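Trainee: I have a structure open and would like to talk it through with you. Could we take it one topic at a time?

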Amino acid sequence: MASASLTLFYAIFALLSSFTLSTASDRDALLSFKNSLRNPEALSSWSPSISHCRWPGILCDGDRVTSLVLSTRQLSGRLPASLFSLTALTVLDLSSNDFTGEISHQISSLTALKTLSLGYNRLSGELPPALGELTRIQTLRLGPNFLTGRIPPELGKLTKLETFDLSGNALAGNIPTHIGNLTRLQILAMGSNFLTGALPSNLFSKLRFLASFDVSNNSLSGSIPPQLGELSSLTELYIGENHFSGVFPPEIGRLSSLEILSAPSCSINGPLPESFSQLKSLSKLDLSFNPLQCSIPNNFGELQNLTVLNLVESELNGSIPSEIGKCRNLNLLLISFNSITGALPESLSELPSLTTFSAEKNQLSGALPSWLGKWTQIDSILLSNNRFSGKIPPQIGNCSALSHLSLGSNMLSGEIPKELCNAALLEEVELEDNFLTGSIEETFKNCGNLTELKLIDNEIFGSIPDYLSNLQLISLELDSNNFTGPIPVSLWSSLFLIEFSAASNQLEGFLPSQICNAASMQSIVLPNNRITGTIPAEIGRLSSLSVFDMNSNFLRGPLPAELGNCTALATLDLGNNMLNGSIPQQLVELPQLQCLILSYNNLSGEIPWKESKYFQQVSSIPDSSYVQHHGVYDLSNNRLSGTIPDELGRCMVVVDLLLSNNLLSGVIPRSLARLANLTTLDLSGNLLSGNIPFEFGDCVKLQGFHLGNNKLEGLIPDSLGRLSGLVKLNLSSNMLSGSVPSALGSLVGLTHLDLSFNMLSNELPGALSGMGNLVGFYAQQNRLSGHLDGLFNDSGAWRVVFVNLSCNSLSGDLPSSMGNMSYLTVLDLHGNGITGVVPSDIGDLAQLEYLDLSDNMLRGGIPEEVCGLKNLLFLDLSENKLEGPVPRNGMCLNLTRDALAGNKNLCGGIVGLRCPMKSFPRRSPFLNVWGLTSLVVGVVLVALSVVIVLRIWSNRSSKNDLEASGDSSKLNSSDDQNLYFLSSSSRSKEPLSINIAMFEQPLLKLTLVDILEATNNFCKSNIIGDGGFGTVYKATLPEGKIVAWLRNQTGTGSHPVLDWTKRFKIALGAARPDFKDIEGGNLVGWVFLKVKNRQAVEVLDPAVLDANSKQMMLRTLNIAVKCLSENPPNRPTMLHVLKSLKGIREE
């Protein structure tokens, strides 16, 4: 008995000792936790003199700590090991603090834990698998933090878990299927991580209590699994901002409790399943930024509880279904950035709760309906960038809650109704880019809450009204209209105005001294107006002014030094005015200045040189400054003198440095090469001397490098070959010498290279052909020598359009490879010593328009292929050693004598010299015998043919009832046995000029020059006949053939001129559909040229041309041109011709 009592005593003692130790250990653990913080003073109320159970954030059961809630206490530090000795804890909430470090595996000792909330901290590292041992836990919130790694499958053991939040971390890998074992789960949030893979199909079968599922903003892919429809308790589904593809499964319609479906920014396609109509509880639907590529389903009208419908940028087409009007609870209807067409359905007027209607950037059309005024709850009507036309309905003013109206970029016309201001809450009105007219003298007078008015790019006229200064306007944009008169002085006294722009109007007057009253003004943008006078010194009081743009006005006088007091100034654009005087030194001290444009004025003196504060990197620029020309330093086209300040090299944000066309002298500062952001450097048109600094080879961002028209000398630095981004290089009109560096061939992005008017020598390096994007290459007026073979060796890879190498000392032959330069339009090689023949390969340059090979030593003939270039407009071959006949085709038909002068051995054509008969080499006697025999046989055959033809002709003549006139007898009495008649029965084998369906036989192709030469300028001695249709002349062609030429006597004789009406009837009768389509050739000559040059009227017969017939004649000519198209498939059939002619007649 005593032994049992003793045992019981020891047991009670041990229990009490353990309880005392646990109590002491909880208190010590809390104090240890406090002392581990970086800011323990945040828990200063945890005083050792007070029981730890009474400390803030602590709950105890007896003396054991069961709840530690310290959220939002700004605590900072790591999670100490002492925290995990609080083994009685059921709630641990340290969320919304600044805890860092990893979650220790010792957390598994908190086995009684039911709630663990560590979100909104900066915890890192991987999730410890030991979390899987907290088997009593019901709420686990670990996001957002910076946790990484994969989700441990051990978390699938937490079968009592109801809320599981891992969102906002950096977790990666797949979603483990073990999550599907958490059968009590109600909230599963894993959004905003880096999770990949597909949604496991077996994830959802056991989660019958799941109400909220969030995996948004990950990198999940694959299709949406049909098993998702098994989540019968689901009310919220967030799957957007992933890579899901395919269509929604029909099983989605089983989610009868679903209230929110958010799936934006995926790759989900349409059409949407019919089962969507079964989502009767749905209140928010967001499918924006998906390639749905379908129309809005009509069955959306069955979603009676829908409050938000967001389909922005979903590639929607079709029209807005009228059924949407049945969604009477709709608050937000967002369908912007699609391809929706048609008019606004009137059923939308039945949406009484609508607060925002956004349909911007679609293809909606028609008139804006007056029923828009029925939306009494509407806050925003956003319909910009559509095709609405007509007038703005004044009924919009009935929208009493309207605050934002955006109708810009449509085709609206008429005046702006002043009834808009009946919407008393109206704050923003955007009507830009329409065809609105009228004045605004009274329009917005009653818009007392108006803060933003945008009327850019309309046709509004009149003056800017005074009452605008009484409104609460923050932004006033009136650009590109027809406003006239001065800017109201009262506007500068506005208390609220921050941005004022009225560019491209016809405003006059001057800037008054009262401009200083605009204390809140940050942006003044008034370019392209007629404002005169000087810039008032009072502008220096605008301490908030960030943008001052007065480009292209008529300002005069000096720049006020007081501009230096506008310390917020980021953009100063005063270009294209008449300002004079020097540039104030004070501008250099503007710390925010990022854009300075003073070009095209009469400024003189030196560029400010003191140590720069402007164009430095700044932390932030006010939004209103919109520095659209960030880094532009433009002082070009003035009369500035002196040297370029070395201090400009410290302006680190300069992107475009433009100092061209001034009187600057001295050397180019090497410091400019330190401008790391330099994209364009233009120093052309000055008096700069010295060498080009080799340091510019380090300006890796340089795209435009312009040093032309200076006095630079020395060599072109090889280092320029390192400028891999260079697009344009202009070193023209200097005194540069030496060779062209082969390193320039590395500039593969270069499009324009101008080395002209220098003293460069030696051969052009073949490496230049490596510049595959070169468009223009200019090196004329140098001392270049050598051959061109190396340069054009790989010319097929060139895209060069302009090549000018004239006035050098180039020699050798023209390489035939030049014919591979398929883009070439201008080729100028005149004034060199080029020898050899003109390669016929040049005839392959189909785009060539200008070719100058004059003043060389070319020999041989002129290739017909060159003359036949269809786009060639200029050809100069003068002062060479060319010989032989001038080709009678293409451009060579219209050459002037000057273009061929100096070639003594050319003949034919415009040269006027008859080409000698070719002498044939002597043949052997044997061949002469055969030749003589062939000649005799030929003469006999010809004689027999003549007899037969005359016999047939005689027989036909005897059957003909036509009377022989005196004129015809005179023509037939010609004694010349070699006479050929130019008629439709001619069997000439000359080259074709016209061969259309109405002509059975070919005609000779003769130019006016040929005719004049052949008839000796229609000499009377060559007349062989005369009749009612004109005079017939004997014409001797260059090759010896004699023809008869009929010179028409228009409007004379017994045959009156047919007027246009009769001619058109003839044409209409001749164009019968039963004619066969016969492929014809080109109607060569001046008709096509006149039509191409828009001179078609000159083709028309002036004898019948009048105001009534002109249009019909031109349209008929157009049909004729189509009939003679060079590409036969493009020619119309005779049936089409007939229809076209009838169409002209009917009109």
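Trainee: Which residues make the nonpolar surface patch of about 300 Å²?
Mentor: Ile-474, Leu-495 and Phe-496 make that patch. A patch takes residues with over 30% relative accessible area and no salt bridge, where like charges are joined within 9 Å and nonpolar side chains (Val, Leu, Ile, Met, Phe, Trp, Tyr) within 5 Å. A salt bridge is a side-chain nitrogen of Lys or Arg within 4 Å of a carboxyl oxygen of Asp or Glu, and accessible areas come from the Shrake-Rupley method with a 1.4 Å probe, with only the protein chains shown counting as cover for residues.

Trainee: Before I go on, what should I know about the model?
Mentor: It is a predicted model, in which local features need pLDDT of at least 70 and side-chain atom pairs count only at pLDDT 80 or more, while totals for chains, interfaces and linings use all residues. Residues are numbered from 1 along each chain as its sequence is written, and side-chain values use heavy atoms, with hydrogens and water left out.

Trainee: Where is Phe-496 found?
Mentor: Phe-496 is in the loop between β35 (482–486) and β36 (499–501); strands here are DSSP runs (E, at least two residues), helices are runs of H or I with at least four, and both are numbered from the N terminus. Phe-496 has a relative accessible area of 39%, so it counts as partly exposed, the class between buried (under 20%) and exposed (over 50%), with a 1.4 Å probe and protein chains only.

Trainee: New topic: how many aromatic pairs does the structure hold?
Mentor: It holds 11, where rings of Phe, Tyr and Trp (its six-membered ring) pair if their centres lie within 6.5 Å, and planes under 30 degrees apart count as stacked, over 60 as edge-to-face and the rest as tilted. The rings of Trp-371 and Trp-375 have centres 5.7 Å apart and planes at 75 degrees, so this pair is edge-to-face.

Trainee: Are those two buried or exposed?
Mentor: Trp-371 and Trp-375 are both buried. Phe-696 and Phe-705, with ring centres 5.2 Å apart and planes at 50 degrees, form a tilted pair, and both of these are buried too.

Trainee: And which residues do ring pairs link into a cluster?
Mentor: Phe-33, Trp-46, Trp-55 and Phe-99 are linked in that way.

Trainee: How many helices and strands are in the chain?
Mentor: The chain has nine helices and 71 strands, and buried residues make up 48% of its 1147 residues.
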